[in-house]
Amino acid sequence: MIPVVTPEEMAAIDREAPEPVEVLIGRAGWAVARAALELLGGAYGRRVVVLAGKGNNGNDGREAARLLRARGVRVSVLDALAAPTHLPACDLVIDAAFGTGFRGAYRAPAVVPGQRVLAVDIPSGVSGLTGEASERVLRADRTVTFAALKPGLVLEPGASYAGVVELADIGLDTSSASAQLVESADLASWVPRRDPSAHKWRSAVCVIGGSPGMEGAAALAASAALRAGAGYVRWASPGGVPAAKPLEVVGVELPPRGWSSEVLADHRRFRALVLGNGLGLDDGHRGDVRAVVAQRDVPVVVDADAITLLGSSAAEVAGPSTVFTPHDGEFARLAGAPPGPDRLGSARALAARLGAVVLLKGPATIVAAPDGRVLLSATGDARLATLGTGDVLAGVIGALCATGLDPFRAAATAAFIHGEAGDLGWRRGLVASDLVEHLPEVLGRYAAD
């Protein structure tokens with residue numbers, strides 16, 4: 001995992017560095033100069049403009065300029081606060097105006113169309129905490145950041161302004177970071193191996209939802225759970241399961257009211273419950289949803305209509321093995337307000353208040369544990385912003401819980417896999433059921449027999 005720290009946390013890490021700041025600037029400047037030479041394709045005859053601010057970010061840029069001059073590059077260093085509105089033509093602009101602690105407004109000078117840009121630590125004018133951007137920010141081809149990622153490089157629109165992000169080790173200790181970005185190498189150790197003596201009930205999942213007229217959501221969740229490794233999937237639906245359900249899913253009809261007693265009569269047979277997909281918002285379901293979430297025997301993934309039915313009272317029944325999967329609107333129903341610009345902070349605060357795992361959906365998925373730990377997934381793209389993909393995600397989380405992952409890692413792993421499945425889909429016209437079909441291929445990369 002790659003550490004992710006807020007600007008405030010990064011400042012504390014800088015203060016605790018054993019080396020003097022001049023040494024750190026030297027290392028940072030060399031990392032920037034090396035990246036610049038790669039982008040330039042060499043040094044001879046190349047022209048570089050460095051836009052340098054007053055702080056250490058500017059010092060990193062000035063040190064890079066010194067090193068590039070020593071290699072024969074023609075370098076101009078411009079004061080960021082006195083720079084012209086249009087930068088002179090050159091082969092590369094090094095943006096070292098402002099770093100991750102930037103606050104306020106900034107209007108970057110214009111560059112020649114097509115001119116390449118290398119950002120130092122973060123594109124100037126992008127908030128290191130939130131990813132919010134000023135009125136005009138230079139869109140970087142590459143960003144060299146130091147020691148750890150910052151939220152503004154992972155969250156939008158900052159992630160789009162940053163281009164390809166290179167993490168440079170300059171000798172700082174980031175072991176205190178409580179947030180990490182998940183990588184594919186992590187999944188290779190997290191996704192459980194198949195037990196040679198396994199049977200279907202060892203990884204059984206029960207999906208509760210799909211009331212009459214809303215069966216599609218539960219069908220997607222159930223199909224995704226099967227494809228993600230569940231050995232047995234039951235679809236329990238208040239009012240009846242349609243005959244056209246997925247072939248391998250076992251359907252069980254629940255009464256329209258008071259159905260929680262039937263679910264809880266044998267819920268210990270399952271390793272995970274998935275609750276709320278297509279359940280409906282009939283207020284008569286509220287007590288049953290509360291009863292199912294309140295049990296502590298089996299992890300429960302609370303999604304869609306179940307989130308809305310619990311609303312601000314969710315903390316009364318949630319526990320450490322509960323996973324909530326809200327988008328911004330559902331987050332507001334749980335927290336009383338939508339997530340603020342500091343999405344990591346918002347997710348952490350809600351997870352702490354609920355005493356449960358919170359997966360906040362978005363261009364970067366944030367998974368927060370009650371103790372403040374955060375895992376982020378940056379896989380996938382806007383193709384996932386379509387009806388039903390959230391139901392698929394809920395089913396994958398349920399399956400991973402059932403196969404042995406703790407709810408926190410199961411949620412982060414599912415988000416990563418979900419995004420990769422989307423990456424395999426059509427560039428246009430991707431639908432949720434396409435994701436289900438791609439899940440075995442993605443899981444096959446990590447879950448060897």
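In the predicted model, the buried residues of helix H9 are covered by elements that include strand E9 (204-208), helix H8 (260-265), strand E12 (272-275), strand E13 (300-302), helix H10 (305-310) and strand E14 (322-324). Helix H9 itself spans residues 286-294, and its buried residues are Asp 288, Val 289, Val 292 and Val 293. Because these buried residues fall within an arc of 130° when seen down the axis of H9, they line one face of the helix.

The largest pocket has a volume of about 1100 Å³. Its lining comprises 49 residues, of which Gly 362, Pro 363, Ala 364, Thr 365 and Leu 384 lie nearest the centre of the pocket. Two or more lining residues come from each of helix H4 (151-154), helix H5 (158-162), strand E7 (164-168), helix H7 (215-227), H10, helix H11 (328-335), helix H13 (389-402) and helix H14 (407-423). The most is given by H13, with four residues. Divided by class, the lining has 21 nonpolar, 18 polar and 10 charged residues.

Several backbone features occur in loops. Glu 156 and Pro 157 are joined by a cis peptide bond, with omega at about 5°; Pro 157 is placed in the loop between H4 and H5. Ala 147, although not a glycine, has a positive phi of about 75°. Ala 147 is located in the loop between strand E6 (142-146) and H4 and is buried, with a relative accessible area of 13%. A positive phi is also found at Ala 304, where the value is near 50° in a residue other than glycine. The loop between E13 and H10 holds Ala 304, which is buried at a relative accessible area of 15%.

Note on methods: Residues are numbered from 1 along each chain as its sequence is written. This is a predicted model: local features need pLDDT of at least 70, side-chain atom pairs count only at pLDDT 80 or more; totals for chains, interfaces and linings use all residues. Side-chain values use heavy atoms; hydrogens and water are left out. Buried means under 20% relative accessible area, exposed over 50%, partly exposed in between (1.4 Å probe, protein chains only). The arc is that of the directions from the helix axis to the C-beta atoms. Contact means heavy atoms within 4.5 Å. On a 1 Å grid over the protein atoms alone, a cavity is a set of points where a 1.4 Å probe fits but cannot get out, and a pocket is an open set with protein on both sides within 12 Å along at least five of seven lines; lining residues have an atom within 4 Å of a point. Grid points are joined across faces, edges and corners, and a volume is the space filled by probe spheres set on the points. Ala, Val, Leu, Ile, Met, Phe, Trp, Tyr, Cys and Pro count as nonpolar, Asp, Glu, Lys and Arg as charged, and the others, Gly among them, as polar.
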